[in-house]
There are 2 protein chains.
Amino acid sequence: MKCVTQFAIAVAAMCVAGVVSAQQVKPEDAIQYRQGVMRAVGWNFGPMGAMVKGERPFDRTFFARNAKRLAALSEMPLEGFVPGTESGDTRAKPEIWLDWDKYKASMERMGKASTKLAEVAVSGDEKAIKAQFGETAKTCKSCHDDFRKSKK
Amino acid sequence: MKCVTQFAIAVAAMCVAGVVSAQQVKPEDAIQYRQGVMRAVGWNFGPMGAMVKGERPFDRTFFARNAKRLAALSEMPLEGFVPGTESGDTRAKPEIWLDWDKYKASMERMGKASTKLAEVAVSGDEKAIKAQFGETAKTCKSCHDDFRKSKK
């Protein structure tokens, strides 16, 4: 019960603080939006990972394109976590809304890391690119560990 | 039968021509990817449309942000239309693969229009922004009319 109350307070506080987008949307649309963005993230992230692991030839142009996309996508999902989207067809953990500031900071770390990756992908050498890819991947994993439920 | 044969030839030609991404993916992942990108397009497009129609106050910063996102997203979906994704949970019409060049050109028109929209959104006046939004919306509608099945 304490948890439920905390949760309600957290969501209410977000509304008051204007953290949530002014956009009035159906909860299922917001869930599908953020999941859609994350699918696009995964689609672009996967081949970069394969190149870093040596599973496919390193193609700097392709890598830089995907890194640029990743940077653009990384600033999008947060606004999809509006109140009312805590349940439904989602793997989002309640911790997102219970500790919104931590979640936001976690997403912002991913944004910063992928923006840096996009820069390094253009100007850096392969070693630097791979190192920054590792840093970016860490931010993904950390956020998934803390805020995403395991698959059933 | 003629149609089926044409379809098979079109898909085979795409493979030979290297139109299709080198990325080896499951068909359902490619479908979910392109649909995910289109959801993100819709999410960002909707509020711009509401501003243009006067249904919500015009916010130039917000509009410019969404237009920039639209431009970034618009170059992503095409590679999701790989062979093997003609059926399944998709509203894509067979015409996409039967006339790939036309489809590609149609998607590229959307890309160019939204890139211009992102530019105008930063430097232009409200009238110019709204006009370019209209041009962009036309490219969406045209492509949907030709290449997307109606909802069941």
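**Entry 1: the interface.** I began with the area that chain B and chain A bury between them, which comes to about 2,000 Å², with 60% of it on carbon and sulfur atoms. A reminder to myself that this is a predicted model. I then looked up who takes part: 23 residues come from chain B and 23 residues from chain A.

**Entry 2: charges and polar pairs.** I found six salt bridges across the interface of chain B and chain A. I looked up Arg65(B), which pairs with Glu79(A) in a salt bridge whose closest N and O atoms are 3.4 Å apart. The interface also holds 10 residue pairs in polar contact.

**Entry 3: chain B's side.** I asked which helices supply at least two residues here, and found α2 (27-52) and α3 (60-74) of chain B. Of the elements on this side, α2(B) gives the most, with 11 residues. I sorted the residues of chain B that touch chain A into 11 nonpolar, five polar and seven charged.

**Entry 4: the largest pocket.** I noted a volume of about 1,600 Å³. It is lined by 46 residues, and among those closest to its centre are Gln35(B), Met38(B) and Arg91(B). Again α2(B) gives the most, here with 14 residues. The lining has 18 nonpolar, 14 polar and 14 charged residues.

**Entry 5: the second largest pocket.** This one has about 1,300 Å³. Of its 38 lining residues, those closest to the centre include Met38(A), Arg91(A) and His144(A). Here α2(A) gives the most, with 10 residues.

Key
Residues numbered from 1 in each chain as written. Chains lettered and ligands numbered in written order. Predicted model: local features only at pLDDT ≥ 70, side-chain atom pairs only at ≥ 80, totals over all residues. Heavy atoms only, no water. Contact = heavy atoms within 4.5 Å. Buried area = accessible area lost by both parts, 1.4 Å probe. Salt bridge = Lys/Arg side-chain N within 4 Å of Asp/Glu carboxyl O. Polar contact = N/O pair within 3.5 Å; in protein donor to acceptor, adjacent residues only side chain to side chain. Helix = DSSP H or I, 4+ residues; strand = E, 2+ residues; numbered from the N terminus. Nonpolar A, V, L, I, M, F, W, Y, C, P; charged D, E, K, R; others polar. 1 Å grid on protein atoms, 1.4 Å probe; cavity = no way out; pocket = protein on both sides within 12 Å on 5 of 7 lines; lining within 4 Å. Points joined across faces, edges and corners; volume = space filled by probe spheres on them.
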